[in-house]
Amino acid sequence: MASAPGKVVLFGEHAVVYGHPAISTSISQRTTVTLRPIEERGVHLNRVKINPARHPHLAYLVGRLWNGSMTTGVDMSVQSDVPRGAGLGSSAAFAVASATALRAASGRWVDADNGAWHEGYASDGSEVELFRGEERVHQRTDTSARVYGQAAVSAEEASLLGHVAEALSQEGRASPMDTMTSAFGGLVMLSNRVEDASTWVMKRTMPMGDEQRTWDLHHLGGLHLEDGLSLVVGHTGINAPTTQMVAGVASRRVSDPGIDEAMQAIAGLVHRGLDALKSGDSETLGRTMTENHLLLRRIGVSHPKLEALVSAALPTALGAKLTGAGGGGCMIALTRDSKATSEAIELAGGRTWITELGTPGAHLEAWPEGGFVHRI
Ligand code: MEV
């Protein structure tokens, strides 16, 4: 059983798809994926064999993490309190929790000489086929050990596999922001350069159309807000698919150069927001969020209901913005008076809650000793 959190974007959504910087943080809401062994081979979702046309991202993860030599099948069940289509990273949390659970159950070979991990499988019980970079090598199992559960999982792998899965379901246009935040937890920054070597985790490259996008991923650790400051989430109740919102920006951008200008301006705000986070300057943090909202409106991803909730929050908040893909979904408000801000958002028709920020990333909740999967 593995769980992974949803996220809110503090700065930089949409622009991050085009390689600009962004900052996001994990929230209290989580998705939990439970695997149970079943006799029928392959991976099933609620007892139904996964249909790649309906679940392309899950089919991709299964293809990478569950090869045909497994003697056991598994049934997946999903429990989630991350609302769907609300900009809170529900699909990333699902992909990352699934990748973590599947990896824990299917296990991984570890080279006994140097502790390095390998992809591979035991072909005849005495030899494993390993991939060292691009090279395939065979190694006797007495020099390799198979590990399961916690020892087999890695936030880096769940984040990378989750990103490919997200890109498959977002017509190729997806940044690694949601999946990285869900996998690592805490505060995450993506940038087009290495911002700070001590927080840098990896470089991620993905082809998008004719171009190649590159992000430097940073894990900034926990998020510490000033005492008494909270983040209120307001849900419009409108379900807005990310794929559609991201595709809308891509097509408007072709005829409206103002969209790229707005994205450049968002990039500048992200660095100001980062400085405010680091120095604990809550006023600047809030003001920068509101400015980011105005630029998101300019690129056409707001919605009248989001505008109503943001306007209702602002008189009692330090700042407010839509979060995630927009078009509906959620807004967030940074406030020292969470009661007044929540009431104002509710009066304007939103459903609110206060979320914790910087919660732990993906992890295993429970696993059987030795794993439950056998291979031929
Ligand atoms: C969605 O949570 C964030 C977007 O920037 C899309 C992405 O980063 O892939 C809108």
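1. A polar side-chain atom of Ser175 lies 2.6 Å from an oxygen atom of the ligand. For Asp178, a polar side-chain atom is 2.8 Å from a ligand oxygen, and for Lys7 a side-chain N or O atom is 2.9 Å from one. A polar contact here is a pair of N or O atoms within 3.5 Å.

2. This is a predicted model, in which local features need pLDDT of at least 70, side-chain atom pairs count only at pLDDT 80 or more, and totals for chains, interfaces and linings use all residues. Residues are numbered from 1 along each chain as its sequence is written, and side-chain values use heavy atoms, with hydrogens and water left out.

3. The residues around the ligand (a heavy atom within 4 Å) are Lys7, Glu13, His14, Val16, Val17, Gln170, Ala174, Ser175, Met177, Asp178, Gly324 and Ala325. By class, this shell has five nonpolar, four polar and three charged residues. Ala, Val, Leu, Ile, Met, Phe, Trp, Tyr, Cys and Pro count as nonpolar, Asp, Glu, Lys and Arg as charged, and the others, Gly among them, as polar.

4. Strand β2 (residues 22-38) runs antiparallel to strand β5 (residues 73-80), and eight bridges join them. In this pairing, Thr34 stands opposite Ser77 of β5. Strands are DSSP runs of E, at least two residues, numbered from the N terminus; two of them pair if DSSP finds at least two bridges between them.

5. Strand β5 also pairs with strand β3 (residues 43-45), in the parallel sense and over three bridges. Here His44 is the residue opposite Asp75 in β5.

Definitions and conventions: A polar contact is a pair of N or O atoms within 3.5 Å; within protein, one must be able to donate a hydrogen and the other to accept it, and residues adjacent in sequence count only if both atoms are side-chain atoms. Helices (H or I, at least four residues) and strands (E, at least two) are DSSP runs, numbered from the N terminus.
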